[in-house]
Amino acid sequence: MENKRPSIYEECLQKGISRRDFLKFCTTVAALIGLESSGVAQVVKTLETKPRLPVIWLHLQECTCCSESFIRSYHPTVGNLLFDNISLDYTETLMAASGFQAEACKEETMKKYWGEYILMIEGSIPTKDEAYCCVGGKSAMQIVEECAEGAKAIIAWGNCASAGCIQAANPNPTGAKAIHKLIKGKPLMNVQGCPPIADVMTGVIVYMLTYDRMPQLDALGRPKMFYSRRVHDTCYRRANFDAGLFVESFDDENAKRGYCLYKVGCKGPNTYNACGIIKWNESTSYPIQSGHPCLGCSEAGFWDMSPFYKRLPDVHGFGIEATADQIGLAVGAATVAGIAVHAVATNIRKKELIDNDEPESKSTI
């Protein structure tokens, strides 16, 4: 049965997607997941030969922002290509069927592709009372357990599924918990964010299609290729941070100059995500570029890091709590000290040469 299913590329051709657009998509995604130019061919070959990936996409306690993000990925004809890359057999938000028909689709997918389908989950699981989130007469926990049993792997989309998000914020009336807290024994990946970046979601899916495995994960179960660097490290305002140039309030002159937003609550120094590199809305911008501090939405418990516009405890690093003049003095002092050390070392060397009556070689300035 598996061999009779059309490949992703064949499905694309049937839908009128040109070879050129197909290759553009492969090149873009290869770059997103960090492959060298030689890796593009591997992505192309995979999508030309592999059938679509069967997917069950569950919606639990959430606001659907992950789905909203996913369908807004903008790369070449991605709206069509993404849905040709995966066989989205069940998702309450996007599927045309509803009620008994929808539930029948889910049951058929689990039976037909047992051990082959990917379970994608959007939203947290309530644990205090199963009535908080019921679909088709079953509790969220029942649904997840049933679907996880035959899944090849699980992807937890967004902060709700990965860390509980706003539902798990104090006082957490539903007892909301992340998927990895309740489901064990299955490969599970957390794609963090509120919501995750659309192209990060795309990259994760294509990586799994290409290599038939999950990418390397960090300690929190997030793909390292997108969550290995802090927002702070890739921020274009980092130079202002290092120079001690900060926005003091949202309407001051420093805000107009584009200074660092650390003092008005930016969580970039302890948030790992690719916002500053990939950005949002056709790579137009991201929160910091739009003048708003990072809220740390790809980290667990970010809703309880309130108030949002209160600064973090001091982040010890060059420039924090220092003025540009103070930094200049420090750099100047370090330079003078360096020159002094170099001078002393040079004099010692000269004395040794004289004492030994050796010819002096060219000195390094």
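A: Helices (H or I, at least four residues) and strands (E, at least two) are DSSP runs, numbered from the N terminus. On that numbering Lys279 falls in the loop between α14 and α15. The model is predicted, so local features need pLDDT of at least 70 and side-chain atom pairs count only at pLDDT 80 or more, whereas totals for chains, interfaces and linings use all residues. Residues are numbered from 1 along each chain as its sequence is written, and side-chain values use heavy atoms, with hydrogens and water left out.

Q: Which residue just after α10 takes a positive phi?
A: Asp212 does, at about 60 degrees. Asp212 is also a residue other than glycine, and it sits in the loop between α10 and α11.

Q: Why is Asp212 called partly exposed?
A: Buried means under 20% relative accessible area, exposed means over 50%, and partly exposed is in between (1.4 Å probe, protein chains only). Asp212 has 47%, so it is partly exposed.

Q: How do you know that the length of α10 is close to the expected one?
A: The expected span is 1.5 Å times one less than the number of residues. Helix α10, residues 198-211, has 14 residues and reaches 20 Å from its first C-alpha to its last, close to the 20 Å expected.

Q: What makes α10 mostly covered?
A: Of its 14 residues, 14 are buried.

Q: What makes a residue part of the lining of a pocket?
A: On a 1 Å grid over the protein atoms alone, a pocket is an open set of points with protein on both sides within 12 Å along at least five of seven lines, and lining residues have an atom within 4 Å of a point. The largest pocket has a volume of about 350 Å³, where volume is the space filled by probe spheres set on the points, joined across faces, edges and corners. It has 26 lining residues, and the closest to its centre are Cys194, Trp280, Pro287, Leu295 and Cys297.

Q: How many lining residues of the largest pocket are nonpolar, polar or charged?
A: The lining divides into 17 nonpolar, nine polar and no charged residues. Ala, Val, Leu, Ile, Met, Phe, Trp, Tyr, Cys and Pro count as nonpolar, Asp, Glu, Lys and Arg as charged, and the others, Gly among them, as polar.

Q: Why is Cys275 called buried?
A: Cys275 has 9% relative accessibility, so it counts as buried. Cys275 lies in helix α14, residues 275-278. Contact means heavy atoms within 4.5 Å; leaving out residues up to four places away in sequence, Cys275 touches Ile197, Trp280 and Tyr286.

Q: Is Cys294 buried or exposed?
A: Cys294 is at 11% relative accessibility, so it counts as buried. It is found in the loop between α14 and α15 (324-355).

Q: How do you know that Cys63, Cys66, Cys160 and Cys194 cluster in space?
A: The UniProt annotation "binding site", from an unreviewed entry, covers Cys63, Cys66, Cys160 and Cys194. Although spread over 132 residues of sequence, they have a largest C-alpha distance of 9.8 Å. Of these residues, the lining of the largest pocket includes Cys194.

Q: What makes the bond from Cys194 to Pro195 stand out?
A: Most peptide bonds are trans. The bond from Cys194 to Pro195 is cis, with omega near 0 degrees. A cis peptide bond also joins Asn170 and Pro171, with omega of about 10 degrees.

Note on methods
On a 1 Å grid over the protein atoms alone, a cavity is a set of points where a 1.4 Å probe fits but cannot get out, and a pocket is an open set with protein on both sides within 12 Å along at least five of seven lines; lining residues have an atom within 4 Å of a point. UniProt positions are given in the numbering used here, feature names are shortened, and annotations may be inferred rather than shown by experiment.
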